[in-house]
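My notes are below, in the order I looked things up.

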Amino acid sequence: FVALTQIHANSCGGKKAAVMAATTEAPEPWYLALLGFAEHFRTSSPPKIRLCVHCLQAVFQFKPPPRVEARTHLQLGSVLYRHTKNSELAQSHLEKAWFISQQISQFEDVKFEAASILSEFYCQQNLVDSAKPVLRKAIQISQQTPYWHCRLLFQLAQLHALERDLVSACDLLGVGAEYARVMGSEYTRALFLLSKGMLLLMERKLSEVHPLLTLCGTIVENWQGNPIQKESLRVFFLVLQVTHYLDAGQVKSVKPCLKQLQQCIQTISTLHDDEILPTNPAALFHWLPKEHMCVLVYLVTVMHSMQAGYLEKAQKYTDKALMQLEKLKMLDSNPILSTFQVILLEHIIMCRLVTGHKATALQEISQVCQLCQQSPRLFANHAAQLHTLLGLYCISVNCMDNAEAQFTAALQMTTHQELWTFIVTNLASVYIREGNRHQEFY
């Protein structure tokens, strides 16, 4: 569930176009003309990125003032990063945008967007140690800009979480919660605290989780605001409760929370997105789009059904979730969707093996392989599970040598105690079936 720390931020005017014409002074006609051309090419169908880049590069021929120069470097860096494979040029423009904008007063949007995108770029290039100082500096100088201060705190916390440094991530989320409280945004305070609660659950720090979830429950129930935002907070809170119970094996205790969760998602699906943005800049965030929340509720329902032994129900909800995911992935490239898909497939593969549908299970294992090949991070997080599933399949078709090889590979790829125990137990069952492996079994 590391992927769930992806807190999505709404900028003050909704989603910003990659190319914007806003400057504090009246812009020159040549500047507006080049921006207009660049935006036209960027939004063409299909996008004409090369021509967009040429128009933006032409701005530098006019020796623009520092504000225009910094903004153009940011626009070029963003376009190159998001739409091309020219990583060196993207990095150069983003670094220049960040450097120049720091020298300019009252230029917060460009300054902190440059820091945010540059850090994101560094992480994608596996330059995490370069990303951290940029984010720390931006956090340090953004305290008078609530939206960016909160967003950058979320971003650095996510970076630490992805590195499995959950202590540092929790510390930052705690700082964010206190800052949001001081800024008068109970909504964003709840987002920070719920995110912290999720990481504490991953760390198994249950003594800290219980009071935190109790506090979160009180904040969520007492907060009066946008109905979709309120319901999304409730979904976040209930997902944590459900996964907490499932993690502890308390299948019966889950039912009331799961029922509330399903009612919440039904309520959200009937609400229309409210275009009225919060007046408090610290509150310009939302957790997940409601379509993603819908898939997530299907996912935790499948987890519960598997643990409770309701295999037909697990298959029904998996089919619904995978259908929804296929539709979403046509329009949305968010990596969290692939994470949801892999976790769903991992559950349904076990279901297929239990019900004897071995060929279908193997096809679905192949799907997981393909998804993991597309993302190094996804593969790193699910390689052990993948080898374990292959091991279980090998047992089901009585290929014990292959099962042993898969379980042995899986053991080398995980430090997770429960997964390790599950693999070792299955490996022991392989030795029992082989009949002559007493020493290895013991």
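**Entry 1: before anything else**
I noted that this is a predicted model.

**Entry 2: helix 14**
I started with helix 14, which runs over residues 311-331 and has 21 residues. I checked its length from first C-alpha to last and got 31 Å, close to the 30 Å expected at 1.5 Å a residue.

Next I asked myself which residues of helix 14 are buried. My list reads Ala314, Tyr317, Thr318, Ala321, Leu322, Leu325 and Leu328.

**Entry 3: helix 5 against helix 7**
I wanted a helix pair as well. Two packed helices are described by the angle between their axes and the distance between the axes, so I looked up both values. Helix 5 and helix 7 (residues 146-162) pack at about 10°, with their axes 11 Å apart. With the cut-off for roughly parallel at under 35 degrees, that angle makes helix 5 roughly parallel to helix 7.

Which residues meet here? From helix 5 I wrote down Glu108, Asp109, Phe112, Glu113, Ser116, Ser119, Glu120 and Cys123. On the helix 7 side they meet Trp148, Arg151, Leu152, Gln155 and Leu159. Sorted by class, the contact of helix 5 with helix 7 has five nonpolar, three polar and five charged residues.

**Entry 4: loops**
Ser45 and Pro46 are joined by a cis peptide bond, with omega about 0°. Pro46 is in the loop between helix 1 (29-42) and helix 2 (49-58).

Then came two asparagines. Asn126 has a phi near 60°, a positive value in a residue other than glycine. I placed Asn126 in the loop between helix 5 (108-124) and helix 6 (128-141). Is Asn126 buried or exposed? Its relative accessibility is 67%, so I put Asn126 down as exposed.

For Asn398, phi is near 65°, again positive in a residue other than glycine. Asn398 lies in the loop between helix 17 (376-396) and helix 18 (400-411). Asn398 counts as exposed because its relative accessible area is 57%, and exposed begins over 50%.

**Entry 5: His93**
I found His93 in helix 4 (residues 87-102). Its relative accessibility is 7%, so His93 counts as buried. Leaving out residues up to four places away in sequence, His93 touches Phe60, His73, Leu76, Gly77 and Leu80. I also checked His93 against Gln144: they are 51 residues apart in sequence, and their C-alpha atoms are 26 Å apart in space.

**Entry 6: Glu364**
My last stop was Glu364, in helix 16 (residues 358-373). Buried or exposed? At 7% relative accessibility, I have to call Glu364 buried, since buried means under 20%. What does Glu364 touch, not counting residues up to four places away in sequence? I got Leu345, Ile348, Ile349 and Arg352.

Conventions. Residues numbered from 1 in each chain as written. Predicted model: local features only at pLDDT ≥ 70, side-chain atom pairs only at ≥ 80, totals over all residues. Heavy atoms only, no water. Helix = DSSP H or I, 4+ residues; strand = E, 2+ residues; numbered from the N terminus. Expected span 1.5 Å × (residues − 1). Buried < 20%, exposed > 50% of the residue type's maximum accessible area, 1.4 Å probe, protein only. Contact = heavy atoms within 4.5 Å. Axes fitted to C-alpha atoms, helices over the stretch in contact; angles between N-to-C directions. Parallel < 35°, antiparallel > 145°, perpendicular 65-115°, else oblique. Nonpolar A, V, L, I, M, F, W, Y, C, P; charged D, E, K, R; others polar.
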